Amino acid sequence: MAASFQPARRLIKYAAPTVWHVFTPLAKETGAVNLGQGFPGWTPPEFVKQALSAATKETLEPESGFMMHQYARAAGHMSLVSAIAEDYAPRFNRAVDPATEVLVTNGATGALYCAISGLLNEGDEMVVFEPAFDIYAPAAEMVGAVVRPVPLRYSSREGGTKGWGFDLDELKSAFTPKTRVVLLNTPHNPTGKVFSPVELEQIAALVRAHPYSLAVSDEVYEHLLYKGHKHTSLATLPGMWDRTLTISSAGKTFSITGWKIGWIVGPAHLVRAAAIVQQWVCFSISTPQQAAVASCLREARKPYKGYPTYYDWLRAFYAEKRDIMAEALEDAGLKPMRPEGTFFMMGDTSEIQIPPGKEEAGIPYDWAFCKWLCRDIGVASIPPSSFYCEENQHLAKNYARFAYCKPNEELREAQTRLARLKAHRQAVSKLDQPTTTREEVVGDHNTGEVVGADFTLLVARALVLR
């Protein structure tokens, strides 16, 4: 029976290994520096660990400490929903009812699933900006909804800077009378884009203009911003509170992705829809972790390591890593697209060619590039075509995504390994010259410097060695 068994028909298209199933094991197998999956490479801050210890030792609720080890309230432990309400009330300039306007979920992933499942009917449509985190579309499609992708493109802006943006006409054309949800992610994974107030108002105006439409705003990187950029929640725009579910989590902010504590904030009628889904999926979320995160949210508002708050320290902490990552990509010829937020950086790979014999048939070019980079250069990244629908995958051909939520030593090691691409670029450039033959290209396998050798030998020596 096992040989003939198939999961439910609606799941068949999702049964293939995901990009995470491919590249995380590949990084481990090859000993690559893993800049693929976005989990922090360190233990959380001391106050975070102390908060969990206090919760498990029953010191947060001494009179009813045994309850810290039992089921939590289905919508969230009151200590956490209260702390979340305290956080959002001043930011949203309104009172937030912890009992009805906050839902604690199994991470932001659980929040997204509950929100999408609770709001979409079969045949409804969901507008998504691509590249998009790879769980958005499946969550909608599993309830019988249709995804309408709107691509973000990297191009020049006013003032001479470059950045990611959408075409307003394309966005308008994605909206129809069946549009139930527009799913926004800001700061954005994988591009690092922070949607501007003007862009947010354009999105909000379209939602308001379509009576059937609502918004789900994934804001898990809300505290990971860089100088000159400010996060604005879509729900704070005129007329959007009643139509928006805002999602965030503790995982990225406190380096505790394994705790899986996320939440939804919004009007009671929309939160209720998501809560109904959670009621019949996992019922409630880990009690001690909820109590610990409640403590962390309050502690994070206080001065930390010489900074006004923990969040200020966090931004400075990641700004240094962003600079190291940008330098590493720049030196290697992988043009960095500096993020405005998050801890992800897209690199433009168009100036680097996969060596002869290293291409792989049957997979997108960015997958082949990232596999080669992992196996032969020793640095794992993620092919961004995984974040596009099939018809838009070509837009990611010359991109790779790097996660720099790793110790500086690992980032510097990645920089050293990526420097091997210099020899590769020089060799290809030499061969592209009309008067140059393969025999004229020479490489020193100890330094990776091009001084002469057969091209194949150059690749073998300068690129494969680690």
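In this predicted model, the largest cavity comes out at about 50 Å³ in volume. As for how many there are, the structure holds one cavity of 30 Å³ or more. Its lining is made up of 13 residues, and the ones lying nearest the centre are Glu 222, His 223, Trp 263, Leu 297 and Tyr 311. Two elements, helix α3 (78-92) and strand β8 (244-249), each give two or more residues to this lining. Helix α3 gives the most, with three residues.

Now for a pair of helices. Two packed helices are described by the angle between their axes and the distance between the axes. Here, helix α2 (residues 46-56) packs with helix α9 (residues 287-299) at an angle of about 140°, and their axes lie 8 Å apart. That angle makes α2 oblique to α9, since angles over 145 degrees are what count as roughly antiparallel. The crossing of α2 past α9 is right-handed.

Which residues in α2 and α9 meet? On the α2 side they are Phe 47, Val 48, Ala 51, Leu 52, Ala 55 and Thr 56. On the α9 side, Pro 288, Gln 289, Ala 291, Ala 292, Ser 295, Cys 296 and Glu 299 take part. Taken by class, this contact of α2 with α9 has nine nonpolar residues, along with three polar and one charged.

Methods. Residues are numbered from 1 along each chain as its sequence is written. This is a predicted model: local features need pLDDT of at least 70, side-chain atom pairs count only at pLDDT 80 or more; totals for chains, interfaces and linings use all residues. Side-chain values use heavy atoms; hydrogens and water are left out. On a 1 Å grid over the protein atoms alone, a cavity is a set of points where a 1.4 Å probe fits but cannot get out, and a pocket is an open set with protein on both sides within 12 Å along at least five of seven lines; lining residues have an atom within 4 Å of a point. Grid points are joined across faces, edges and corners, and a volume is the space filled by probe spheres set on the points. Helices (H or I, at least four residues) and strands (E, at least two) are DSSP runs, numbered from the N terminus. Axes are lines fitted to C-alpha atoms, for helices over the stretch in contact, and angles run from 0 to 180 degrees between N-to-C directions. Angles under 35 degrees count as roughly parallel, over 145 as roughly antiparallel, 65 to 115 as roughly perpendicular and the rest as oblique. A crossing is left-handed if the near helix is turned anticlockwise from the far one by less than a right angle, and right-handed if clockwise. Contact means heavy atoms within 4.5 Å. Ala, Val, Leu, Ile, Met, Phe, Trp, Tyr, Cys and Pro count as nonpolar, Asp, Glu, Lys and Arg as charged, and the others, Gly among them, as polar.
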